[in-house]
Amino acid sequence: RAVAMSVSHSSRLNKLVREQYMRLPQDGLVQVTYVWIDGSGEGVRCKSRTLDKEPKSIEDVPEWNFDGSSTAQAEGSNSDMFLVPVCMFRDPFCLDPNKLVLCEVLKYNRKPAETNLRHTCKKVMDLVKDSHPWFGMEQEYTLLGINGHPYGWPENGFPGPQGPYYCGVGADKVYGRDIVESHYKACLYAGVKICGTNAEVMPSQWEFQVGPCEGIEMGDHLWMARFILHRVCEDFGVVATLDPKPMTGNWNGAGCHTNYSTEEMRREGGLKHIEAAIEKLSKRHDYHICVYDPRGGRDNSRRLTGHHETSNIFEFSAGVANRGASIRIPRQVGQDGCGYFEDRRPAANCDPYAVTEAIMRTTVLNETGVETKDYADH
């Protein structure tokens, strides 16, 4: 009964009845779902429209608009916001030929909305494209019942201490695997570059990985993977939270570890370029902490305590195979003398556009201090 009470009412609707309608032919028409980031910088919104033929590229998807006053992005007196399609995926919920389309949000004057961090990220990625930056991001998240309590946890109390849950198997070790596997398949169908998944250290906490992605593609694919996760969870009647520390006390937080390399780091002898990049990052720790969560570091301060496989938010550190450091160089990379490194500081609710842009500004464009350079005129 406790489990039944923790899922949403809509998840209990008869899915077989829904399936009857989903099988109906569309007579050449196509449903396109526009997806965008709202005024919180964390939430995603969506709405759908009909096109008279299947779009073959993003250029075939028209701009649209929405009421920004209902998404904390505009005032009611001037509320229309533009949706500019930037990346298209197959729709794993309505199936082919239907599409999911990720959009940038522009204000009435065609300037980017405050939470449209893709706009400047794209400029920076265009500037550094000859470095061929590759990213892989590890998205941790926690499943909650509709009551806000971690899914599968005892109604009054806590599960046993951390230890048996990480990469666990068995009904007493992991909760919600159906959701995880459904999300994985949905991402593969959509064309999202998902590359793995595993149960995490805290029970009801999971992780999926997206990458390798080059440049702006990292943010595009991670945001769509997040949308698909929330949409899958909706079908199952539970909630996925990206809160960096969903449970206080002796429980792991949730991060979005970011793996990164440039072409010269991946070549023979690349370790010296990795070490040079880490040296640059060490001198700009405060700037990175400010952009690694949506609240200027306040969310991460609950997570980066120096405990539970994290570094201390006030100190920069780096080490080979060290999960308690700001930057981890994988042991294999140390042995090979080339490869990539992992920035373990980004919070689970970070904006991947902000994270990848910051890394490029510091390690390739050689910016220093807490101010960023405006490249709009270059």
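Predicted model: local features only at pLDDT ≥ 70, side-chain atom pairs only at ≥ 80, totals over all residues.

Which residues lie on one side of β10 and which on the other, and are they buried or exposed? On one side are Cys256, Thr258 and Tyr260, on the other His257, Asn259 and Ser261, and all are buried, so that both faces of β10 are covered. Here buried means under 20% relative accessible area, exposed means over 50%, and partly exposed lies in between, with a 1.4 Å probe and protein chains only. In a regular strand the side chains alternate between the two faces of the sheet. Strand β10 covers residues 256–261, and six of its six residues are buried. Strands are DSSP runs of E with at least two residues, helices are DSSP runs of H or I with at least four residues, and both are numbered from the N terminus.

Residues are numbered from 1 along each chain as its sequence is written, and side-chain values use heavy atoms, with hydrogens and water left out.

The neighbours of β10 in the sheet can be followed through its pairings, where two strands pair if DSSP finds at least two bridges between them. Strand β6 (residues 134–144) runs antiparallel to β10 and is joined to it by six bridges, with Trp134 standing opposite Ser261. Strand β13 (residues 341–343) also pairs with β10 in the antiparallel sense, over three bridges, and in this pairing Phe341 stands opposite Tyr260.

Strand β6 pairs with β8 in the antiparallel sense over eight bridges, and Trp134 has Glu214 as its bridge partner in β8. A further antiparallel pairing, over three bridges, links β6 to strand β9 (residues 239–241), where Val239 is the bridge partner of Leu144.

The interior can be described through its nonpolar core, a set of buried Ala, Val, Leu, Ile, Met, Phe, Trp, Tyr and Cys residues joined through side-chain atoms within 4.5 Å. The largest such core has 72 residues, and those with the most contacts inside it are Tyr141, Leu143, Met224, Ile228 and Phe341. Helix α5 (residues 217–236) gives the most to this core, with ten residues. The core also draws at least three residues from each of domain 1 (9–114) and domain 2 (125–364), the domain bounds coming from an automatic or database domain assignment. In soluble globular proteins, nonpolar side chains tend to be buried together.

Another buried position is Ile194, which has a relative accessible area of 8% and is found in strand β7 (residues 194–199). The C-alpha atoms of Ile194 and Met137 are separated by 9.7 Å, and these two residues are 57 residues apart along the chain.

In the loop between β4 (80–90) and β5 (99–106) lies Pro97, which is joined to Asp96 by a cis peptide bond with omega of about 5 degrees. Leu95, found in the loop between β4 and β5, has a positive phi of about 65 degrees although it is not a glycine, and it is partly exposed, with a relative accessible area of 43%.
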